[in-house]
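Please read it with the sequence and the model in view.

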Amino acid sequence: EGEKQIMESAEAVAKAGAKVLRGGAFKPRTSPYDFQGMAEEGLKLYRTRYDGLAKKRLDAALKETENHLLESLVEIFPVATATESALLELGRRAFLQGNFASALRWWRAVERFPKATTPLALTQARIILTLHFSGESESARQELARYEKAFPDAQGKLFDKSGSYVQILKEWLEKPITLPPPSLDNWDTLG
């Protein structure tokens, strides 16, 4: 595996008419003991080749209200730099729509993203808050206890508040979550 092999494969695929070579020199594994590939060098080669394409797709996807372009970016360019932004936006949109299971999935993907630029403390704070909003307040409290040991001094903006992430999370977790019932206005009927 190396740059030459990647470029030769990309050229062969392009000659065959494809626009994107799915895959690349970097493949994350579920076990750190099962790694095969080029590690950091592979990630660098992958991003050198695909970051420009992924950024164009991200720019187009952010103009859309539907998620399909963001989701396809994540699928096609799994470790491109722009993919981190797509994951964050998908998590934000899911959270705001009350789809907390999806928000957790996207933000957990950011948590595992190779060479992420989003501070881990911020990503994990979002996950804790999302657990709370999803009704898993006890899990959120347990995560907060671990979080407080790992990131006692982490600060920044978390949704609508700025300051210590630990303090912001504690304030939120003290509040019971009561979601408004769904509106019955303007429902289409089959009748």
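1. The model under review is predicted. The protein contains eight helices and two strands. Along the sequence, these elements follow the order α-α-α-α-α-α-α-β-β-α.

2. Of the 191 residues in the protein, 38% are buried. The protein exposes about 12100 Å², and 52% of that area is supplied by carbon and sulfur atoms. Among contacts with a separation of 6 or more, 48% join residues 24 or more positions apart.

3. Helix 3 and its neighbours. Helix 3 spans residues 68-76, and its buried residues are Leu70, Ser72, Leu73, Val74 and Ile76. Against which helices do the buried residues of helix 3 pack? They pack against helix 2 (39-62), helix 4 (81-96) and helix 5.

4. Helix 2 with helix 3. Two packed helices are described by the angle between their axes and the distance between the axes. For helix 2 and helix 3, the angle is about 170 degrees and the axes lie 9 Å apart. Angles over 145 degrees count as roughly antiparallel, and helix 2 and helix 3 are therefore roughly antiparallel to each other. On the helix 2 side, the contact involves Tyr46, Ala54, Arg57, Leu58, Ala60, Ala61 and Leu62, which meet Leu69, Leu70, Ser72, Leu73 and Ile76 of helix 3. By class, this contact has ten nonpolar residues, one polar and one charged.

5. Helix 3 with helix 4. The axes of helix 3 and helix 4 come within 9 Å and cross at roughly 140 degrees. The two helices are therefore oblique to each other. Their crossing is left-handed. Helix 3 contributes Leu70, Glu71, Leu73 and Val74 to the contact, while helix 4 contributes Ala82, Thr83, Ala86, Leu87, Glu89, Leu90 and Arg93. These residues divide into seven nonpolar, one polar and three charged.

6. Helix 5 with helix 6. Helix 5 (residues 100-111) packs with helix 6 (residues 120-133) at an angle of about 160 degrees, their axes being 9 Å apart. That angle makes helix 5 roughly antiparallel to helix 6. The crossing of helix 5 and helix 6 is left-handed. From helix 5 the contact draws on Phe100, Ala103, Leu104, Trp107, Arg108, Val110 and Glu111; from helix 6 it draws on Leu120, Thr123, Gln124, Arg126, Ile127, Thr130, Leu131 and Phe133. Nine nonpolar, three polar and three charged residues make up the contact of helix 5 with helix 6.

7. Lys115. Most residues other than glycine have a negative phi. Lys115 is not a glycine, yet its phi is positive, at about 60 degrees. Where is Lys115 placed? Lys115 is in the loop between helix 5 and helix 6, the pair discussed in point 6.

8. Phe159. Phe159 is likewise a residue other than glycine with a positive phi, near 55 degrees. Phe159 is found in the loop between strand 1 (155-158) and strand 2 (161-164). Is the side of the cut-offs on which Phe159 falls buried, exposed or partly exposed? Phe159 counts as partly exposed, because its relative accessibility is 30%.

Methods: Residues numbered from 1 in each chain as written. Predicted model: local features only at pLDDT ≥ 70, side-chain atom pairs only at ≥ 80, totals over all residues. Heavy atoms only, no water. Axes fitted to C-alpha atoms, helices over the stretch in contact; angles between N-to-C directions. Helix = DSSP H or I, 4+ residues; strand = E, 2+ residues; numbered from the N terminus. Parallel < 35°, antiparallel > 145°, perpendicular 65-115°, else oblique. Left-handed = near helix turned anticlockwise from the far one by under 90°. Contact = heavy atoms within 4.5 Å. Nonpolar A, V, L, I, M, F, W, Y, C, P; charged D, E, K, R; others polar. Buried < 20%, exposed > 50% of the residue type's maximum accessible area, 1.4 Å probe, protein only. Areas by Shrake-Rupley, 256 points an atom, 1.4 Å probe, with all protein chains shown as cover.
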